[in-house]
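User: I am new to this structure. Please walk me through the terms used for it, one at a time.

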Amino acid sequence: MTKIKEPYDSPLRWLVESSPSTHKPYMVDLGAYNGNGECQCKYWQCNVGPKGKSGTPANCKHIRIARERFTNWAIQAFKQHDQNQKHDKKELGI
């Protein structure tokens, strides 16, 4: 499986491959439905989506993968701009 480490066209939209055997990517929008997310996969569209659209948090494996990738991406992005990171542990008394 190819690990996509960058957002697709916005920080909340990611392409996530279905499985190593198919390599079919699905678009995941983490911001949809009040942050519960939306996926193009059949499982989400047929089973999970109706719950998510009604406001009940529900997701599929692609949404979970996209959330993990978003978290890792965001941590790295914020880390680059964190002014406090420049202080070493001795300065902070740690």
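**Reading the labels**

Analyst: The model is predicted. Start with Trp14: its relative accessibility is 0%, and it counts as buried.

User: Why is Trp14 called buried?

Analyst: Buried means under 20% relative accessible area. Trp14 has 0%, so it counts as buried.

User: What makes Trp73 buried, partly exposed or exposed?

Analyst: Its relative accessibility is 24%. Buried needs a value under 20%, and exposed needs one over 50%. Trp73 lies in between, so it counts as partly exposed.

User: And Asn72, why is it called partly exposed?

Analyst: The reasoning runs through the cut-offs again. Asn72 has a relative accessible area of 42%. Asn72 sits in helix α3, residues 61-80.

User: Why do Trp14 and Trp73 count as an aromatic pair, and what makes it edge-to-face?

Analyst: The structure holds three aromatic pairs. In the pair of Trp14 and Trp73, the distance is 6.4 Å centre to centre. Ring centres within 6.5 Å make a pair, so these two rings qualify. The angle between the planes is 80 degrees. Over 60 counts as edge-to-face, so that name applies to Trp14 and Trp73. The pair links distant parts of the chain: Trp14 is in strand β1 and Trp73 in helix α3, 59 residues apart.

User: Which residues do ring pairs link into a cluster?

Analyst: The cluster consists of Trp14, Phe70 and Trp73.

User: How do you know that β1 and β2 pair?

Analyst: Two strands pair if at least two bridges are found between them. β1 and β2 (residues 25-29) have five bridges, so they pair, and the sense is antiparallel. Within this pairing, Leu15 stands opposite Met27 in β2. Val16 has Tyr26 in β2 as its bridge partner.

User: What makes β2 and β3 a pair?

Analyst: Two bridges join β2 to β3. The requirement is at least two, so the strands pair. They run antiparallel. Asp29 has Glu38 in β3 as its bridge partner.

User: What is the strand order, and which are the edge strands?

Analyst: The three strands form an open sheet in the order β1-β2-β3, with antiparallel pairing. β1 (13-17) and β3 (38-39) are the edge strands, because each pairs on one side only.

User: Where does α3 pack?

Analyst: Helix α3 packs on the sheet and touches β1, β2 and β3. Its direction makes about 125 degrees with that of β1.

Technical notes. Residues are numbered from 1 along each chain as its sequence is written. This is a predicted model: local features need pLDDT of at least 70, side-chain atom pairs count only at pLDDT 80 or more; totals for chains, interfaces and linings use all residues. Side-chain values use heavy atoms; hydrogens and water are left out. Helices (H or I, at least four residues) and strands (E, at least two) are DSSP runs, numbered from the N terminus. Buried means under 20% relative accessible area, exposed over 50%, partly exposed in between (1.4 Å probe, protein chains only). Contact means heavy atoms within 4.5 Å. Axes are lines fitted to C-alpha atoms, for helices over the stretch in contact, and angles run from 0 to 180 degrees between N-to-C directions. Rings of Phe, Tyr and Trp (its six-membered ring) pair if their centres lie within 6.5 Å; planes under 30 degrees apart count as stacked, over 60 as edge-to-face and the rest as tilted.
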